[in-house]
Amino acid sequence: PVYGTVSASASQSGHADAANSHVPCDAHPGMPGANTGAQDAALGAAAPARQPWHDAALVPQRLAMASAIIRVLRARGLEAALGNKFADAVRMLELMLYRTAPSRDAYLDRNTLDSRIVAAVRQRRAAAAARRARLGTVAEPVAVAAANLA
């Protein structure tokens, strides 16, 4: 997938949040370049089975959720800490929340968004620590910056 600035057509089609941060199209299920099983390990665990409420009609709500995640991370001062990994972190968090939510309402619940983001970061950190211990490697810069969130 190609990442870049938000084009006029992307803004008109709703593929950008209110602050013009780009959410890559591979965040959408069924789209070219969508997340594959090979990328599941990067999320920290095997992806749960596809939920019955997962469908392409949810794309506008997923974009809105990505915008809400951006606002939460910015409010915690993590945009600067994550630097050029910020968009990847937003995409990863949105995908984790989408895949693990038991229902559409649970996924879209803004009242629990902050605590679900913290839980997702903790889950990701635990999986990354286990992977590093298994491989004998050092912490990733994104994992270090995410530690400030939890």
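Here is the overall picture, followed by the details.

This is a predicted model, in which local features need pLDDT of at least 70, side-chain atom pairs count only at pLDDT 80 or more, and totals for chains, interfaces and linings use all residues. Residues are numbered from 1 along each chain as its sequence is written, and side-chain values use heavy atoms, leaving out hydrogens and water.

The chain has seven helices and zero strands, where helices (H or I, at least four residues) and strands (E, at least two) are DSSP runs numbered from the N terminus. Of its 150 residues, 39% count as buried, meaning under 20% relative accessible area, with exposed being over 50% and partly exposed in between (1.4 Å probe, protein chains only).

Now look at helix α2 (residues 59–75) and helix α6 (residues 113–135): their axes come within 11 Å and cross at roughly 80 degrees. The axes are lines fitted to C-alpha atoms over the stretch in contact, with angles running from 0 to 180 degrees between N-to-C directions. That makes α2 roughly perpendicular to α6, a term for angles of 65 to 115 degrees (under 35 is roughly parallel, over 145 roughly antiparallel, the rest oblique). On the α2 side, M65, A68, I69, V72 and L73 meet L113, D114, R116 and I117 of α6; contact means heavy atoms within 4.5 Å.

Finally, find Q61 in helix α2. Q61 is partly exposed, at a relative accessible area of 30%. Beyond its neighbours within four places in sequence, Q61 is in contact with Y107 and L108. Although Q61 and L108 are 47 residues apart in sequence, their C-alpha atoms are 7.5 Å apart in space.
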